[in-house]
Amino acid sequence: MPEEGVPLTPKADLLTTEEILTLARLFVKEGVDKIRLTGGEPLIRPDVVDIVAQLRRLEGLRTIGITTNGINLARLLPQLQKAGLSAINISLDTLVPAKFEFIVRRKGFHKVMEGIHKAIELGYSPVKVNCVVMRGLNEDELLDFVALTEGLPLDVRFIEYMPFDGNRWNFKKMVSYKEMLDTLRQQWPELEKLPEEESSTAKAFKIPGFRGQVSFITSMSEHFCGTCNRLRITADGNLKVCLFGNSEVSLRDHLRGGASEEELLRVIGAAVGRKKRQHAGMFSISQMKNRPMILIELFLMRQDSPPALPSTFRNSLRVQVLRHRVSFSSQIVTLWKGGRVPQAPLVAQQWLGSSLPQRHFSSHLDSDANPKCLSPTEPQAPAASSGPLPDSEQLTHVDTEGQMAMVDVGRKPDTERVAVASAVVLLGPVAFKLIQENQLKKGDALAVAQLAGIQAAKLTSQLIPLCHHVALSHVQVQLELDRARHAAVIQASCRARGPTGVEMEALTSAATAALALYDMCKAVSRDIVLAEIKLVSKTGGQRGDFHRT
């Protein structure tokens, strides 16, 4: 959902139930044998079950599908199945509930998951899950989505991020099909390609032994315009022959003007005849005026479900009509029968031990040098002190209505950002001595804690929902044993060049290193306290530097 929302179409401008069915009858009569109701969100339309039931009566219509955000699916699906619904696509861009709320601007993640399981329970197979992949938002969840297909009959469809009005498309946010496939092959090298139907929009793959499959819709990097057999009708009755085209023809106005069936067919045939050989390309499309995806509602297509961005929450309906048997004209036949146009690597680990009375360890990852994950070194000098910055007058992650919001850093300049955070683990005398002598049965606690701190810094955006993904150029974690307090003092330092700071990466690193140390020692003592997790210093931001006194 665009941050500014969308203008609601007056009810009088929307197609009525009878107008939808009139157009459906026309297309089915001319050879279309699959119709998909999409959105916007079709399941908030009160007559949706009746529309499905009446579509089912059309002779020659083989498949009735629906694309939904899933919020109301569990409640309505039994009725829809009884009415004749035969295929389901569910739009879901994240498996993290807080991130879900940020994307769709409302709660409902658990209702969507309930809808997916209800569809499986009622025998739909596969249940298609549409996921639009966006860099910095959800590309880190690819493996989690694929893992769902191991035990569930899902077709998880990864969709390249496509430019539409209101979605602030940026080439840097797009994760290409090839990049996604490479990520999956690192984890599952046995991933195998499945045969494609001639007019399919998706490239399908399967992991041997998994119940479900994975697909990629490559609208941007490898278009399939040459075999596209889909048409769309918006909820206000406009025909779109290309999802990315900005030209539309109003069938509603012709219907309400008393046009005959023959006149409607001439209008449709002329529109299809003007369909271009392929879309304009991602960079040109991004500059074109076009509806937001959630306002391209009624969908007419041919054989497989369309490349669709997430459904959201407007009272709208799309109809897709798929697979022609005969056609409107020989010209359309030519267009529709055209030929086709063309285990993650483990972090290297060095387990270095020492029985010295005082042990210091640091870890260092730098883009300019080979990483030495764990190596003894001298502790760093403490950060210089200065007064803290004045508090901000408002919370940056809360919008004017009190809802959570991710900060837009797109207009901030790239600068060198450094942050240092610290934590203290009060171990007690028994655990302290075992760590000091490296005698814990689980292994070298300091080394494990350091590795945990490194990994946590790199994964911060996955753990803290509204954090941006940051490409760290340097991570350093130090642990020092404090004999006087029977404690381990942790200091984590992170560096990156970019538009946003790295204090959360440093804090997450220090806190996770402390948790890992607790985990290593909990069998010896439960009387361990994690304390003093704090930001020590931060430099490089627009509001100036911070050094804790």
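The points below go through some features of this predicted model.

1. Aromatic pairs. The structure holds 6 aromatic pairs. One of them joins F205 and F216, whose ring centres are 5.7 Å apart. The planes of F205 and F216 stand at 80 degrees to each other, and the pair is edge-to-face, because planes over 60 degrees apart are put in that class.

2. Where that pair sits. F205 belongs to strand β7, which covers residues 202-206, and F216 to strand β8, which covers residues 213-217, so the contact ties together parts that are 11 residues apart in sequence.

3. The aromatic cluster. F205 and F216 are also members of one aromatic cluster, together with F145, F158 and Y177.

4. Lysines over rings. K193 lies over the face of F205, 5.5 Å from the ring centre. K203 lies over the face of Y177, and its distance from that ring centre is 5.5 Å.

5. Two packed helices. Helix α2 spans residues 48-56 and helix α3 residues 73-83; they pack with their axes 8 Å apart, at an angle of about 20 degrees. Angles under 35 degrees count as roughly parallel, so α2 and α3 are roughly parallel to each other. Their crossing is right-handed.

6. L446 and M520. L446 is found in helix α13, made up of residues 445-458. With a relative accessible area of 0%, L446 is buried. Along the chain, L446 and M520 are 74 residues apart, while their C-alpha atoms are separated by 9.0 Å.

7. Cysteines. How many disulfides does the count come to? The count comes to 0 disulfides, where a disulfide would need a pair of cysteine sulfur atoms within 2.5 Å. As for individual cysteines, C131 has a relative accessibility of 2% and so counts as buried. C467 stands at 12% relative accessibility, which means that C467 is buried as well.

Key
Residues are numbered from 1 along each chain as its sequence is written. This is a predicted model: local features need pLDDT of at least 70, side-chain atom pairs count only at pLDDT 80 or more; totals for chains, interfaces and linings use all residues. Side-chain values use heavy atoms; hydrogens and water are left out. Buried means under 20% relative accessible area, exposed over 50%, partly exposed in between (1.4 Å probe, protein chains only). Rings of Phe, Tyr and Trp (its six-membered ring) pair if their centres lie within 6.5 Å; planes under 30 degrees apart count as stacked, over 60 as edge-to-face and the rest as tilted. Helices (H or I, at least four residues) and strands (E, at least two) are DSSP runs, numbered from the N terminus. A charge sits over a ring if NZ of Lys or CZ of Arg is within 6 Å of the ring centre and within 35 degrees of the ring normal. Axes are lines fitted to C-alpha atoms, for helices over the stretch in contact, and angles run from 0 to 180 degrees between N-to-C directions. Angles under 35 degrees count as roughly parallel, over 145 as roughly antiparallel, 65 to 115 as roughly perpendicular and the rest as oblique. A crossing is left-handed if the near helix is turned anticlockwise from the far one by less than a right angle, and right-handed if clockwise.
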